[in-house]
Amino acid sequence: MICIPIIANNLADALHDMTEASKVADIVELRIDYIKNVDLKRLLEKRTKPVIVTNRPVREGGKFDGGEEERIALLKLAVQLQADYVDVEHDSMQHIRRDTVHRVPTKIIVSYHNFRETPNDLTDIYKRLSQSGADIVKIVTHANNITDNVRIYQLLQQSQMPVISFCMGELGIISRILYKRFGSYLTFASLQTGKESAPGQINIHELLNTYQAQKQDKRSTIYGLIGNPVSHSISPIIHNTLFREMNFNSIYVPFKVDTIGDFMREFRKLDIKGYSVTIPHKESVINHLDTIDPMAKKIGAVNTIVNMDGQLIGFNTDCEAAIKVLEGVDQVCSRGERSFAITKDVHLRGKKVTIVGAGGVARAIAFGLKECEAQITIINRNYERAQSLARDVGCFSRKFNDPQALDTEILINATPVGMYPKINETPIDKDKLKPDMIVFDTIYNPIETKLLRDAKTQGCTTINGLTMFAYQAAAQFKLWTGKMPSIEIIEEIAYKHLA
Ligand code: NAP
């Protein structure tokens, strides 16, 4: 179930938000600690969905700053008025149980909140709360490390009664999204951005649309993106849409990871079925996998992980995707006015190709082009890195401003220069682009970079990074599920979110 907290500070707004929330949520939480001169009877009469009444004191992260007797009296009133649920803080339970909850339909949620950390004694806290006469236990902690989510998962797996549990904060978002898979009785989502009642709460539309959180169950398989940052990524919307369209009971979430070793070790406990990997972990993740595909090993970077019966296997789909795009796959060429890729077939054997950059993507493309027997030259801001990559691949390197570097048929930008928000930058000056060149920018945000705009003006054939992005995502999906998704659907979703 999804619960929307109502955090209005007057009755009229609370009634309005309760009506709106009831259209999309399963349960509404009336945070009466926010409401001045609350009319609880009126609010409960107007409910159309089950209601949790919460009167959180300041000491537990709430707004109620009156006396304890007054606060408890309001909770008792909620029970008398037959609220569906009343949330009672773990240290106030003795006041409520003794004289109010017998023979009433109200369910008592006994709650524990920790805004600083996810403490080590979670099991003891659970035991204490579960023995307090609660119908439902609520344990909410702050994630200081993404691995704190694993401890919440383990707590939920071991519990014998209904438990609401998740981590707060940015690093806890996954426990809120995966609440059904983790086994939490419910999760909280805000009515809209700006109306959160706790840190890390995402809005109901994102929960329902991006993550399709209501469709998951305890058997849903989990996939995700490892990176830092990850909040900007369109991969969750792409993979979750593909899972829905192709009838997989799976969910894809972003993992913001600082320390890759700790993450890979702890998250094995969740049996995550596959990962995408992005900056800065594409290289460092290799040390934490069981097997590496030979091409990914050569490249020295992994962007896809498949969990095969507990064995984590690393692949690199950037390489395959870039080569497919450069070879000019038929369906990519004919896309009406929205041409995502090249307009003529390119046979790469013997072609002169200059790659700008010597990072992960440049490496993937260079090794792929080498297999196609192209004549490759690497140029890079840090020349030693260009030389090193050229040595590994067995190709040429040149200094960035060596005029011969741009004596080429295909020019590939594999740097972030020109990427949002610095969209007016370009790695190569316009006057160096010649009409017979094919210019491929791996950047996909924006879809048309300054480099591509300049190249078009100079009469070059241009390729943007979106099709490569779609191919690498499709190849990941196929490695995970065995099914090839539609490139068109991926491009459409990406285009819609980036345009
Ligand atoms: P990376 O490993 O960090 O490498 C970045 C490269 O860009 C390095 O060679 C770096 O040069 C160079 N660079 C960075 N800032 C520069 C600047 N201001 N001027 C000149 N050179 C600069 O990154 P990556 O993983 O290879 O990704 C590179 C880009 O590829 C991304 O930004 C993204 O736009 C694109 N990409 C596209 C796809 C797709 O599917 N279309 C997938 C992944 C990535 P130094 O060695 O001198 O630092």
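Modeller: Contact here means heavy atoms within 4.5 Å, and by that rule Q212, leaving aside its neighbours within four places in sequence, is in contact with L207, N240, T241 and R244. This is a predicted model, in which local features need pLDDT of at least 70 and side-chain atom pairs count only at pLDDT 80 or more, whereas totals for chains, interfaces and linings use all residues. Residues are numbered from 1 along each chain as its sequence is written, and side-chain values use heavy atoms, with hydrogens and water left out.

Colleague: Why does Q212 count as buried?

Modeller: Buried means under 20% relative accessible area (exposed is over 50%, partly exposed in between; 1.4 Å probe, protein chains only), and Q212 has 9% relative accessibility, so it counts as buried. Its place is in the loop between α9 (204–210) and β9 (221–227).

Colleague: Why is the pair of F243 and F477 called tilted?

Modeller: Rings of Phe, Tyr and Trp (its six-membered ring) pair if their centres lie within 6.5 Å, with planes under 30 degrees apart stacked, over 60 edge-to-face and the rest tilted; by this rule there are 15 aromatic pairs. The ring centres of F243 and F477 are 5.2 Å apart and their planes stand at 40°, so this pair is tilted.

Colleague: What makes this pair a tie between parts of the sequence?

Modeller: F243 lies in helix α10 (residues 235–245) and F477 in helix α18 (residues 465–481), so the pair ties together parts that are 234 residues apart in sequence.

Colleague: Which residues have the most contacts inside the largest nonpolar core?

Modeller: With a nonpolar core taken as buried Ala, Val, Leu, Ile, Met, Phe, Trp, Tyr and Cys residues joined through side-chain atoms within 4.5 Å, the largest has 83 residues, and F255, M264, F267 and I305 have the most contacts inside it. A second, separate core of 61 residues includes Y252, C372, I447 and Y471. Not counting residues up to four places away in sequence, F267 touches I146, T147, N149, V150, I174, F255, I272 and Y275.

Notes
Helices (H or I, at least four residues) and strands (E, at least two) are DSSP runs, numbered from the N terminus.
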